[in-house]
Amino acid sequence: IVPVAGLCPQGSYGIQDSLRSGFTSVKNELLPSHPLELSEKNFVLNQDKMNFSTLRNIQGLHAPLKLQMEYRAARQIQRLPFLQSSNLALDTLRGSDDTIGFEDILSDPAQSETMGEPHMMVEYKLGLL
Amino acid sequence: MATLAVRRAPLGGFSFENCKRNSILESEASKVGFSVPTARKTGTTICGVVFKDGIVLGADTRATEGMVVADKNCSKIHYISPNIYCCGAGTAADTEMTTQIISSNLELHALSTGRQPRVATANRMLKQMLFRYQGYIGAALVLGGVDCNGPHLYSIYPHGSTDKLPYVTMGSGSLAAMAVFEDRYKTGMEEEEAKQLVRDAIAAGIFNDLGSGSNIDLCVITKGNVDYIRPHDEANKKGVRHGELEGVQLTGDYRYKRGTTAVLSKVVNPLDLELLEETVQTMDTS
């Protein structure tokens with residue numbers, strides 16, 4: 001089990017939320033709470049990397065380069081930072097617009113009970129924070 | 001001034017927020033002697049067999065929750081596509097959701113390719129999903145169907161390995177069912193023979209395994225036709241005592257006959273009521 005950075009306290013104000021995450025300990029901050037947590041967080045990223053490298057091996061450098069440019073463009077089509085965007089263009093490019101998985105059924109972000117603070121999130125996006 | 005931590009866009013899918021809390025609760029609870037509720041499993045017997053014209057899938061119908069029978073007649077043969085069905089053993093919710101997701105995916109895929117879906121496609125989708133979750137999704141499946149290349153039968157394990165075989169069994173009663181198959185399976189059986197063989201295999205699981213019970217469901221898939229027989233055979237009937245005189249109603253009637261309790265004395269007090277006031281209130285029926 002490899003310790004990983006980035007699992008720091010996730011409650012509001014940057015303080016450990018004792019009710020949900022238990023008491024603070026160094027182990028809690030370094031180790032993931034479930035073996036699948038890391039692999040799931042990076043799943044789409046890893047899948048894309050694998051697809052691009054296969055494409056590079058089959059069709060040469062230009063194909064994945066051009067596709068990555070299109071991904072970057074599609075990723076910029078978003079609603080305001082605190083609103084949920086459908087990412088339709090990105091899904092179509094990836095080919096996941098005609099598949100359904102657990103990420104569409106469980107904890108749908110469009111139906112989450114909490115919302116980011118609009119002013120904070122816009123300021124963060126614009127780099128003013 | 002304190003600033004709120006800016007939230008990243010939340011991803012859908014499994015949320016691992018409560019894992020640490022759950023593991024702490026579990027260890028605390030076991031110290032006190034209280035046990036955490038377990039998931040409902042389908043300790044099961046499921047099996048499938050390839051015969052001359054197609055596939056016969058069979059399953060029992062008991063769902064258990066620890067040592068208690070949670071569902072006496074649950075349906076373990078799930079629909080994947082008109083020509084493909086899948087039996088599920090393991091955690092009941094996992095098999096249900098996994099087969100539904102794969103069914104939706106296959107439907108979208110079939111619409112996109114314009115062809116009838118193949119069993120190998122369903123198999124590949126299932127194994128890739130189960131491997132992604134490293135066995136944490138407890139679904140052991142028997143997938144069978146008939147497509148343009150003929151009848152196919154696969155068994156899929158929770159960690160994502162698959163086997164393509166002419167006869168397969170899964171679940172806690174799989175050894176009992178496999179014993180029947182190993183004894184009597186032949187290639188190129190007729191439909192009735194195959195149905196009888198599957199029925200006997202599931203019955204072996206029902207009578208010899210605690211986790212399997214109740215009825216036997218069958219699903220016969222041939223090219224262009226599916227027979228979903230539920231129940232095919234009621235191996236355990238409730239309320240009928242096995243092996244006693246036939247024709248005699250053995251289930252008791254729990255109502256008592258009039259006069260069972262003796263009446264000791266009877267006193268009647270007529271109540272004198274006088275009429276004080278009489279009003280009529282009409283209902284508003286407009």
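A polar contact here is a pair of N or O atoms within 3.5 Å; within protein, one must be able to donate a hydrogen and the other to accept it, and residues adjacent in sequence count only if both atoms are side-chain atoms. This is a predicted model, where local features need pLDDT of at least 70, side-chain atom pairs count only at pLDDT 80 or more, and totals for chains, interfaces and linings use all residues. Side-chain values use heavy atoms, without hydrogens and water, and residues are numbered from 1 along each chain as its sequence is written, with chains lettered from A.

**View 1. Thr44(B) in its loop.** Thr44(B) sits between β1 (41–42) and β2 (46–50) of chain B (strands are DSSP E runs of at least two residues, numbered from the N terminus). An unreviewed UniProt entry lists Thr44(B) under "active site"; such annotations may be inferred rather than shown by experiment. At a relative accessible area of 0%, Thr44(B) is buried (under 20%, 1.4 Å probe, protein chains only). Beyond its neighbours within four places in sequence, its contacts (heavy atoms within 4.5 Å) include Asp60(B), Ala89(B), Gly171(B) and Asp209(B).

**View 2. Lys76(B) and its partners.** Look for Lys76(B) in the loop between β5 (68–71) and β6 (77–81) of chain B. Lys76(B) is buried too, with a relative accessible area of 1%. Its side chain makes a polar contact of 3.0 Å with the side chain of Thr44(B), and also reaches the backbone oxygen of Arg62(B) at 2.6 Å.

**View 3. The end of helix α3(B).** Buried residues of α3(B) include Leu126(B), Met129(B), Leu130(B) and Arg132(B). Just past the helix, Gln134(B) adopts a positive phi of about 50 degrees.

Notes. Buried means under 20% relative accessible area, exposed over 50%, partly exposed in between (1.4 Å probe, protein chains only). Helices (H or I, at least four residues) and strands (E, at least two) are DSSP runs, numbered from the N terminus.
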